[in-house]
Amino acid sequence: MVNGALSGFFKSSQGFRQGDPLSPTLFVLAAEYLSRRLNNLYIGDRALEFAGSYGISHLSYADDVLRTPIYVGRRKAKLFDPLIEAMISRVAGWEKNVLSFGGQQQLIQLVLLSMPIHILHVLKPPKGVIMRIERLLNKFFWGSAGTERRVHWVVWDRLCYPVAESGLGFLHLSNMIAAFSQKLWWYFRTSNSLRANFLHKKYCKRSCPASTNIFTISSALWLRMMLARRATKRHIHWSLGDGALCFWHDDWTGEGPLAELVQLDVSRHENVNFY
């Protein structure tokens, strides 16, 4: 389309500069074309369909969500390098100012501890990454900057105690990660989202989520959720509704799962409405 009229193909001889107003438009057109070709390929060959994919051939911009990296295989410490570098950069700007312990405490609680929240929702960092972040927070609180080393009168774990227990009430990263892991399991069991339905069909097609086995070939997200399952399901109590609950492994009586109450090793999956 040139000047409002259809025209033939023309060959471009030069690209666009950064910030050109046409650049986003061309990107959207190219992305739309690629998306449609992937859909046609998917529709033409059903062998490409993954069991439980709900007819979805691909997801666009999945790696743009909250700056969370996408990776294959075991999680690596380098995935968290951008986060740690951002925290170091933020601290470096504050070290030039004269801050009281109260000011440093507020910056840690309101700024630094909020920076990893999004990525910790999705990825569980290795222990080495947690130690690096907590070491950075501890050094900033006690005023150690660059090569200057000051005495750390109290260990970081003690600073994370509640104020009533002689701590400063800092959030402990391990507790944050555990809470986010339980939140993932809670949303999986209680929501009807695309992700929840996908996980149900992939991992719990023939079993109850509360009793399904852990497979080593599962995704890192599913393994994290499964490890948080026991701690989370103790706080989930179900209402009968239409009876679409696991008879043996969901707590619909208010006294706990029946399989645990009668101490039976029940592997089959039957809903309450089955009876």
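**Figure 1. The second largest cavity of the predicted model.** The second largest cavity holds about 40 Å³ of space, where a cavity is a set of points on a 1 Å grid over the protein atoms alone at which a 1.4 Å probe fits but cannot get out, and where a volume is the space filled by probe spheres set on the points, which are joined across faces, edges and corners. This is a predicted model, in which local features need pLDDT of at least 70 and side-chain atom pairs count only at pLDDT 80 or more, while totals for chains, interfaces and linings use all residues. Residues are numbered from 1 along each chain as its sequence is written, and side-chain values use heavy atoms, with hydrogens and water left out. The lining divides into six nonpolar residues, two polar and one charged, with Ala, Val, Leu, Ile, Met, Phe, Trp, Tyr, Cys and Pro counted as nonpolar, Asp, Glu, Lys and Arg as charged, and the others, Gly among them, as polar.

Figure 2. The largest cavity has about 40 Å³ of space, and its lining includes Arg189, Trp238, His249 and Asp250. By class, this lining has four nonpolar, one polar and four charged residues. The side chains of Arg189 and Asp250 meet in a salt bridge at 3.2 Å, N to O, a salt bridge being a side-chain nitrogen of Lys or Arg within 4 Å of a carboxyl oxygen of Asp or Glu. This pair links distant parts of the chain, since Arg189 lies in helix H7 and Asp250 in the loop between H10 and H11, 61 residues apart. Both Arg189 and Asp250 are buried, where buried means under 20% relative accessible area, exposed over 50%, and partly exposed in between (1.4 Å probe, protein chains only).

**Figure 3. The salt bridge between Arg36 and Glu32.** The closest N and O atoms of Arg36 and Glu32 are 2.8 Å apart in this salt bridge. Because they stand four residues apart in helix H1 (residues 22–44), Arg36 and Glu32 are separated by about one helical turn. Arg36 is exposed, with a relative accessible area of 53%, whereas Glu32, at 39% relative accessibility, counts as partly exposed.

**Figure 4. Glu134 in helix H5.** Glu134 is found in helix H5 (residues 127–141), where Glu134 is buried yet has no salt bridge, the nearest side chain of opposite charge being that of Arg135, 8.6 Å away.

**Figure 5. Thr232 in helix H10.** Thr232 has its place in helix H10 and is buried, with a relative accessible area of 5%. The side chain of Thr232 reaches the backbone oxygen of Ala228 at 2.6 Å.

Methods
On a 1 Å grid over the protein atoms alone, a cavity is a set of points where a 1.4 Å probe fits but cannot get out, and a pocket is an open set with protein on both sides within 12 Å along at least five of seven lines; lining residues have an atom within 4 Å of a point. Helices (H or I, at least four residues) and strands (E, at least two) are DSSP runs, numbered from the N terminus. Lys and Arg count as positive and Asp and Glu as negative; His and the chain ends are not counted. A polar contact is a pair of N or O atoms within 3.5 Å; within protein, one must be able to donate a hydrogen and the other to accept it, and residues adjacent in sequence count only if both atoms are side-chain atoms.
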